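Please keep the sequence and the structure in view while going through the numbered points.

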Amino acid sequence: NTYVDLGKVDTVGFDYDYTLVTYTEELLELIYEMALKRLVHDRQYPLEMLDAGLSFDPFFSIRGLAVDKETGWICHLSYTHKVAVAWEGREKVPTARIYKEYRGKRALNPNERKSRLKPLNDLFSMAECCLIADTIQFFKERNIDYCPNNAVKDILGAIGDTHISGDFHRIVANDPGRYFHPTPHLKTVLTNLKNAGKRLIFASNSPYWYVNEGMKYVIGDDWMKMWDTVIVSAGKPAFYTEIRRPFREVNKDTSRVFFKKVERLQPGAVYTEGCLRELTRLMGFDQKGEPDSPLEDGGAVNLATARVLYIGDSLFADLVDAKREFGWMTAAVTPEVGDEMEVQQTAEYVLVERTIEFLLNALRLIQSELGAIERTSEDLAVLDSLERLVSKWRDRETALLGNPFGSVFRARYQPSLFAHSLRRYCDLYMASISSLRLYSPQHRFYPESDFRLLAHEISGQASECWDLEDVLKKEDPNESQ
């Protein structure tokens, strides 16, 4: 997204969940199942839900959605905060209902967005998204009267309790081979960065005993030797905004905390809590981001000039505050990039994409031929017919991506809110940490030359029209490209 010179980075920080380690679908199945049981047993939801065949569906939810607490709808938002697609339970909300609910604008004003919409931005949230939809569908099919706001609150609470309890953490830690994907290139990436003189910081919201089992599985028993600082139970994003929360050292044998004051962060030790200001002070950054230099202004630290790259999967828990408040370089792990690119390279997807572009250019050319005169009813009928065709082909494009919402990065034909945030707050993004093995620790990344937002800056596109024969050739994957 922006120019990044890795050679000028002296410190690289990593999140743990879905960054250093990635999980199999069985983890989301486990979280869904445990939250469903809590919903029934702790919040008195119908006992029949446990026998209704409800389970996590990996082909329903995607990252970057939001739930409207007033309606219970799962919404896919464009970068302008318009609702491009909405689902109530497992049924798609008609466009007319969307316009009616949002006063003909398909969008809420900023105050309403803050009070009504709950973002579902990280990969863990795919389980809660699916459980919300399934619960509402259960109620609808059985004509059970329900309050969407209360239902959403209860489900989010059940998911939160599942995370806080540590129950699924213990199950995962006891069977890492079942719940973790192998990461054969991770150790190579970390070793390359370390050999290049960069300090490595491990910063996770998970407890030590849990990350220890995962890191031993993906790297080995000596994983601690790779890191200059290890921080667990960090409490991000509050970790970035707290001012005076001190670190506490963790006993690696018992996972209990020591009571002594932490004066310096030592390699090989494990720390919990703390905050970014304390991290910067104890690691010895000065205003140029160099270690072991005298601090100015009685110990004040200019956090915005530290030469740090932080890598994580959750935009708002890991990356936004690091970028917005302190100017750190940030990189997002977005496995959807690799998944979607694989689909987009298929002949069927190319056919759909080019057909949509063909139809849109036909609409442009027709209006160009008609000029500025008032349209007749026949003219409008032709335009309406072509627009309906475009909509049908977009539905087909969505179906090819294997879920009802389409691309994580596109909300129908516009960039999604997730893509907009990714562009705004992340300097780099990658399918996995392993991607870094392909680049030198001094590599310089340059943004694409056509990185633009305004239509008039894209020269030549408005008059371009795909040749129909060229479109049809894409149906045969054996045709030359």
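1. Confidence of the model. This is a predicted model, and the average pLDDT of the protein chain is 86. A score of at least 70 is reached by 88% of the residues. Two stretches call for caution. Over residues 286-305, pLDDT stays under 50, and the model has 38 contacts beyond four places in sequence for this stretch. Residues 460-475 also have a pLDDT that stays under 50; for them the model has 24 contacts beyond four places in sequence.

2. Overall composition. The protein chain has 481 residues, of which 48% are buried. Its secondary structure comes to 17 helices and 17 strands. When contacts between residues at least 6 apart in sequence are considered, 71% of them join residues at least 24 apart.

3. How do strands β13 and β16 run? Strand β13, which covers residues 329-333, runs parallel to β16, and 3 bridges join the two. Within this part of the sheet, A332 stands opposite Y429 in β16.

4. A pair of helices. Two packed helices are described by the angle between their axes and the distance between the axes. Helix α5 (residues 148-165) packs against helix α6 (residues 167-174) at an angle of about 50°, and their axes are 4 Å apart. That angle makes α5 oblique to α6. On the side of α5, the contact is made by T162, H163 and S165; on the side of α6, it is made by D167, F168, H169 and R170. By type, the residues of this contact divide into 1 nonpolar, 4 polar and 2 charged.

5. Two residues with positive phi. The phi of Y18 is near 60°, a positive value in a residue other than glycine. Because its relative accessibility is 7%, Y18 counts as buried. A second case is S233, which is not a glycine and yet has a positive phi of about 45°. S233 is found in the loop between β9 (229-232) and α10 (238-241). With a relative accessible area of 29%, S233 is partly exposed.

6. A buried loop residue. Is N121 buried or exposed? N121 lies in the loop between β7 (117-120) and α4 (125-141). The relative accessibility of N121 is 15%, and it therefore counts as buried, since the cut-off for that class is under 20%. Leaving aside neighbours within four places in sequence, N121 is in contact with R63, G64, F316 and F418.

Key:
Residues numbered from 1 in each chain as written. Predicted model: local features only at pLDDT ≥ 70, side-chain atom pairs only at ≥ 80, totals over all residues. Heavy atoms only, no water. Pairing = 2+ DSSP bridges. pLDDT = per-residue confidence, 0-100. Contact = heavy atoms within 4.5 Å. Axes fitted to C-alpha atoms, helices over the stretch in contact; angles between N-to-C directions. Parallel < 35°, antiparallel > 145°, perpendicular 65-115°, else oblique. Nonpolar A, V, L, I, M, F, W, Y, C, P; charged D, E, K, R; others polar. Buried < 20%, exposed > 50% of the residue type's maximum accessible area, 1.4 Å probe, protein only.
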